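Open the model in your viewer and keep the selection tool ready. The stops below go from one selection to the next.

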Amino acid sequence: MFFSIVGVLILSYSCFNFKKGFLVYLLFQIVWFSNGKIISMAGVPSIPIYLVMALSFVTIYIIKGGFRAKLVKFPFMIPMLVLSISRVLTCFTSLEGFSSEFARAIGFIFGSFIEVVLIWRIVEEEKDFDFLIKGYCLIFAVASVYGLIEYVIKTNPIVEYKSMLTPEGISTYQADIFRGYRVMSIFEHPIGAGMTFGLFAVFAFLYWTNRKKKTSNIYITVALLSILCVTLTKMRASILFTIIAAMTFVKLNNKRFYKVALFALVGLAICFPIYKDYINVFLSLFSSSAQQAVGGSDSTMRFLQFDTVYKIMKMSPLLGFGEQCAVYLPKSLVVNAFGFESIWFEAMSRYGIIGVIGNLLMLLYSVFIVPHKYKSKSAFWISLAFWLTNTLTTVPFFRISMYYVVYFYCIKQTMFYKKERKLCDMQPEKNLLTLKNKFVLKL
């Protein structure tokens, strides 16, 4: 109920000031529970809050004429269209039935496609990113402190509340002898929590190093706290993502980089007593003996998963069996899939060959084509971190909207993007951003 009320208030505000409302919505996505249901009745497909919010913002944007604005072309149109087509076609082969799968397809189209287009078109000016980084900084300061408190008391009231918002609840890791308690903070899963903490830390470092004028060190302080929380999630995937993404701010010719590195080393040294007992979680990325000490998936399990998923895909090779296929397939077959711990395993079984092609196109565009076009080293490392991590495991409740905010920030800081934008601005009669009637878009 709480998240629904906040969502309604944000939507109401957006009717008067669309751009600021949308930016607040992006901040809201960090703390919300996207799977929380607005409508949940027997015989009717449940409607989650993320679908209602995404659909509402798209509708408001269309009514205000936003898509008539001439802006730089959205770089992921082709792969996003293929992924959307894949999900619609899968409705006809879904084991759960057409209506439920179609509702999820609509959710993907609005929540993971058109909403990303809105981020690209709306989060444009330097002041937009300034607003978001300040909001993120406040949120992650609270989330980091809360995560440290959670680690001490070994309980999480926020996650317990979110778990009550859906009939199935939220499955959480139990403390074990290998890793102990795993921090989730305000998030719903330690992997998603660790990756989101890591992404913010990288964004904060990038923002701090890219600013020409002096920027408050509070960003670095909160980033260091976030890195500590990454460690306390005790998830190899989160640590790997953060390490790879962190390569983006390695700039040997930038004096600020050395300041950041010094801050990081000092911070890690100070916090060493907290995470020293769990150093094997990090070492397990490189050492088989350390991996055995902390548990988790290994290469043998991955090959077994691939063999199982391949058998499932052969049963419906082109379109797959839908998102909930694991519920309806024989248990003897699904048990060896071990939760489909890879974006490719999910695509093969749920969306078939077309889904795999869509994800492959998205990988190529994200990691290679778009970063190469705009000469953005930062976009390359951040997208590589995401896709490599998502290849090795699932990334539950990772805040994907924040990923695109950071990715687009990297792109829009380049000279190549600014040249493209300038060409669009040379046609003011076609660009609604220049209209004097601010009521039209409030951008």
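Over the face of which ring does Lys375 lie? Select Lys375 and Phe416: Lys375 lies over the face of Phe416, 5.2 Å from the ring centre. A charge counts as over a ring if NZ of Lys or CZ of Arg is within 6 Å of the ring centre and within 35 degrees of the ring normal.

This is a predicted model, in which local features need pLDDT of at least 70 and side-chain atom pairs count only at pLDDT 80 or more, while totals for chains, interfaces and linings use all residues. Residues are numbered from 1 along each chain as its sequence is written, and side-chain values use heavy atoms, without hydrogens and water.

Next, select Arg87 and Phe108. Arg87 lies over the face of Phe108, at 4.0 Å from the ring centre. Arg87 is also one of the buried residues of H4, together with Pro79, Met80, Leu83, Ser84, Ser86 and Thr90 (buried means under 20% relative accessible area, exposed over 50%, partly exposed in between, with a 1.4 Å probe and protein chains only). Seen down the axis of H4, these buried residues fall within an arc of 155°, taken from the directions from the helix axis to the C-beta atoms, so they line one face of the helix.

Now show what covers them: helix H5 (98–122), helix H17 (343–350), helix H18 (352–374) and helix H20 (400–412) are included.

Last, select Phe368 and Phe380. At 45% relative accessibility, Phe368 counts as partly exposed, and so does Phe380 at 24%.

Terms used:
Helix = DSSP H or I, 4+ residues; strand = E, 2+ residues; numbered from the N terminus. Contact = heavy atoms within 4.5 Å.
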